[in-house]
Amino acid sequence: MYIPANNRMTDPDEILSFIERFSFGTLISTAAGGVPVATHLPFLVKCEAGQLVLTSHFAKANPQWQQIENNGKILVIFQEPHAYISPFHYEKELNVPTWNYIAVHVYGTGSLITEQNAVYEVLDQTVARYEQAYKTRYDQLPQDFKFKMSQGIVAFRIYGTDIQAKKKLSQNKTKNEQEQIIQSLSASKDTTEQLVAAYMQRNLDAH
């Protein structure tokens, strides 16, 4: 990913926090013949001994799971939020529109999770992560039903070997211009634009 120096994210905690918040990622691998294949998946995120580990599962009918192991580097992209930035916010008339966004690219190697109890654990953790209120009902589902459902998925882990993170938040603009953009996006009815404003404000306050 092209990352100018002033857009590079280097703080591991900041990167991890972003991935955890926007954990619905795009997994890209290479099929036979060098054809890129992508699937959109929710990921569980954690660090083990300083290494980022992403856990998720495919529908077994999705053949991409066969590319997880022995496939060289796999790429998982996390991208949210983003917003159009109008040149009307700038002090000089000679300017053009742009787009502000945050994105994290995680390159890594993969391994399948085949042990049955480990597969159950992935499903348990996914439910707990995304709908804690449903977890009690989920825990009470018949074991044979859970087993049948687990046979329809393939769980896996991606071990991050290279992380490239970028936040393009008008850092190349003056403080006054950044504040104008923040004010405009904060007043928007679009919640995504409001999120961009919040990240811009946080970045501005940190500098």
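User: Which residues is Ile-19 in contact with, leaving aside its neighbours within four places in sequence?
Analyst: Ile-19 has heavy atoms within 4.5 Å, the cut-off for contact, of Val-45, Leu-52, Leu-54, Phe-78, Val-104 and Val-106. The model is predicted, so local features need pLDDT of at least 70 and side-chain atom pairs count only at pLDDT 80 or more, while totals for chains, interfaces and linings use all residues. Residues are numbered from 1 along each chain as its sequence is written, and side-chain values use heavy atoms, leaving out hydrogens and water.

User: What makes the set around Ile-19 a nonpolar core?
Analyst: Such a core joins buried (under 20% relative accessible area, 1.4 Å probe, protein chains only) Ala, Val, Leu, Ile, Met, Phe, Trp, Tyr and Cys residues through side-chain atoms within 4.5 Å. The largest has 35 residues, and Ile-19, Leu-27 and Leu-54 have the most contacts inside it. Helix H1 (12-21) and strand E4 (51-59) are among the elements giving it two or more residues. A second, separate core of nine residues includes Val-122, Leu-123, Val-127 and Ala-155.

User: Why do strands E1 and E5 count as paired?
Analyst: DSSP must find at least two bridges between two strands (E runs of at least two residues) for them to pair; three bridges join E1 (24-30) to E5 (74-85), so the antiparallel strands qualify. Ile-28 stands opposite Leu-75 in E5.

User: Why do E2 and E3 stand at the edges of the sheet?
Analyst: Seven strands form an open, antiparallel sheet in the order E2-E1-E5-E6-E7-E4-E3. E2 (36-42) and E3 (44-48) each have a single partner strand, so one side of each is left without a neighbour in the sheet.

Key
Pairing = 2+ DSSP bridges. Helix = DSSP H or I, 4+ residues; strand = E, 2+ residues; numbered from the N terminus. Buried < 20%, exposed > 50% of the residue type's maximum accessible area, 1.4 Å probe, protein only.
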